[in-house]
Amino acid sequence: MKTFKQFINGKLIDSHSKDWIEVENPFTGEIIARVPKGDAEDALAALDAASKSQTAWAATTASFRAGYLKKMAELIRANRVELARTLAQEQAKIIGLAQVEIDFTADYFDYYAGWARIYEGEIINSDRQNENMLLFRKPVGVVVGICPWNFPFFVMARKVAPALLTGCSIVLKPSSNTPVTTFEFAKLVSQLDLPKGVLNFISGSGKTLGNTLVKSKLTDMVTLTGSVEAGQEIITASAENVTKVSLELGGKAPAIVFADADIDIAVKGVLDSRIIFSGQVCNCAERAYVHKSIYGKFVEKLAAAMKAVKYGDPFDATTVYSSQIDRAQQTKIDEMVVRAKVAGAQVVTGGKKADTKTGYFYEPTILVGMRQDSEIVQKEVFGPVLPVLPFSEYEEVIALANDCEYGLTSSIFTTNINTVMRGIKDLKFGETYVNREHFEGMQGFHAGWRKSGIGGADGKHGLMEYLQTQVAYIQF
Ligand code: NAD
């Protein structure tokens, strides 16, 4: 079993708490590593280091800071196979997807390094003669990054890369379920000559260590990727110091299949969007609405495709998905399906925990016969379970899709360009995918509406989250 240290003020150190978080491989049930279970004192030490280093870091040039991002990308590439294996073990992610996540993360550091010479301020016309108004973009300051367990390596980079590039310092906390790949990265980063304190990795409970990070006066911004509940707690905790928050939370993405859709493209798009990483992805298709004229055919084809999905060992190249993250997640999914059945849903395929020797598997599941206001249609499942509902009219399906407390992603399947453009206009979601699976690009902007979040990540607009403006009025 591997043992890791925290990375605070440029040093790999133990938590003074001497307590540990043990990390289970969800597929085998084996404990593969332990990381320090840090407490409030660790949180404050990391924030102190981040705070003391930030001004000098911000005084360097963006292209100097980008140099470190490029080095991080190189370190990831040099260790890409080992990092992917670790990721696959710590969360039962199939090895192919784990490798994609590692490689994408390296590219992500390079991508934001490329922004060093691109982001800029503005010169604004003044109302007074002989006056220049200059708008500067300056780093927000000390950032706290809090990560979920589902894409732990990529989401780490989604916070670290823009923070460091813009001259912020950062304290990053991974999820207690999946801290291992992040701490492997911390070990790699400790080899760089990065100014001490600008990047810190600590681990511990969200409600104690995480809460201390959020409530501290030293914290200028909190960026959380996680559940709506954690987002709400963070909004409350950040109120005292009016700390900036950027929240990427849950989703309940609708996939709409119109009568004129290419049904095979729609089946593949919906399937891929539902079962990727065992359904544990924020932008997964969580409910499908299919025009009544093709409903029967679509359900039949999707059921056949779902039944053919092979789940099992994440290291088997033919496996499509593996175990849920833990028993609690498997139980949550099962209880939601049981309640859906009590409320009248019928199981087309799946509908129960999978009978496997190891792991916490759930069968690929299709449900029909639900009401729009039922829990399974309204709440995030985060598992390989898809409710499929019929619709008759365009206006009806748009209203059903928008009738949801979340607003992260959505998709449309149609061959009619007018329906595409109308759908994009009428859907109230941060992302809309057309005739494809739900999976965002790093140059886009991943941002949820309604309870799916505040602010967002990626691309130009994601970079702006880490910058604040200052306007100078200059008479000459
Ligand atoms: P979670 O909310 O349980 O935990 C996320 C992180 O927040 C963890 O590190 C946890 O320790 C920390 N945390 C929890 N409560 C806290 C508090 N009060 N103060 C400070 N930190 C706290 O979420 P999870 O189970 O790890 O991840 C799954 C959820 O994340 C799903 O709802 C999913 O949709 C969402 N998610 C969203 C996106 C997105 O981009 N919108 C991406 C990935 C996951």
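Which residues is Asn402 in contact with, leaving aside its neighbours within four places in sequence? I will take that up in the first point, after a word on conventions. This is a predicted model, in which local features need pLDDT of at least 70 and side-chain atom pairs count only at pLDDT 80 or more, while totals for chains, interfaces and linings use all residues. Residues are numbered from 1 along each chain as its sequence is written, and side-chain values use heavy atoms, with hydrogens and water left out.

1. **Asn402 and helix α13.** Asn402 is in contact (heavy atoms within 4.5 Å) with Asp426, Leu427, Lys428, Phe429 and Arg450, once neighbours within four places in sequence are set aside. Asn402 belongs to helix α13; helices here are DSSP runs of H or I with at least four residues, strands are runs of E with at least two, and both are numbered from the N terminus. With a relative accessible area of 16%, Asn402 is buried. Buried means under 20% relative accessible area, exposed over 50%, and partly exposed in between, using a 1.4 Å probe on protein chains only. Within α13 (residues 394–402), Tyr394, Val397, Ile398, Leu400 and Ala401 are buried along with Asn402. The cover over these buried residues includes β13 (253–257), β14, β17 (385–391), α14 (417–426) and β21 (449–450).

2. **Two domains.** The assignment for the protein chain gives domain 1 (2–249 + 451–475) and domain 2 (253–445); such bounds come from an automatic or database domain assignment. Taken over C-alpha atoms, the domain centres are 31 Å apart. The contact takes 34 residues from domain 1 and 33 residues from domain 2.

3. **The largest core.** A nonpolar core is a set of buried Ala, Val, Leu, Ile, Met, Phe, Trp, Tyr and Cys residues joined through side-chain atoms within 4.5 Å. The largest one has 64 residues, and Met72, Phe109, Leu164, Phe185, Leu194 and Leu199 have the most contacts inside it. At least two residues each come from α2 (62–78), α3 (80–91), α4 (95–113), α5 (152–166), β9 (169–173), α6 (180–189) and β10 (199–201). Helix α5 gives the largest share of this core, ten residues. Both domain 1 and domain 2 give residues to this core, so it lies between them.

4. Setting aside neighbours within four places in sequence, Leu199 is in contact with Phe7, Met72, Val160, Leu164, Ile170, Val189 and Leu194.

5. **Helix α1.** This one deserves a look. Helix α1 (residues 40–59) has 20 residues and reaches 29 Å from its first C-alpha to its last, close to the 28 Å expected at 1.5 Å a residue; the expected span is 1.5 Å times one less than the number of residues. There is a bend of about 40° at Ser53, the bend being the angle between axes fitted to the seven residues ending there and the seven starting there. The buried residues of α1 are Asp42, Ala43, Ala46, Leu47, Ala49, Ala50, Ser53, Gln54 and Trp57. At the N-terminal end, Asp39 caps α1 with a side-chain oxygen 3.1 Å from the backbone nitrogen of Glu41.

6. Ser169 is found in strand β9 and is buried, at a relative accessible area of 0%. Its side chain reaches the backbone oxygen of Ala50 at 2.8 Å. Not counting residues up to four places away in sequence, Ser169 touches Ala50, Ser51, Ser53, Gln54, Gly141, Val142, Val143, Gly197 and Val198.

7. **Helix α7.** In α7 (residues 206–215), Leu209, Gly210, Thr212, Leu213 and Val214 are buried. They pack against α1, β8 (142–146), β9, β11 (221–225) and α8 (228–238). At the start of α7, a side-chain oxygen of Ser205 comes within 3.1 Å of the backbone nitrogen of Lys207.

8. **Backbone points to check.** Phi of Asn130 is near 50°, a positive value in a residue other than glycine. Asn130 sits in the loop between β6 (122–124) and β7 (131–139), and is partly exposed at 44% relative accessibility. Ser278, also not a glycine, has a positive phi of about 60°. Ser278 is in the loop between α9 (263–275) and β14 (285–291) and is buried, at 0% relative accessibility.

Key
Polar contact = N/O pair within 3.5 Å; in protein donor to acceptor, adjacent residues only side chain to side chain.
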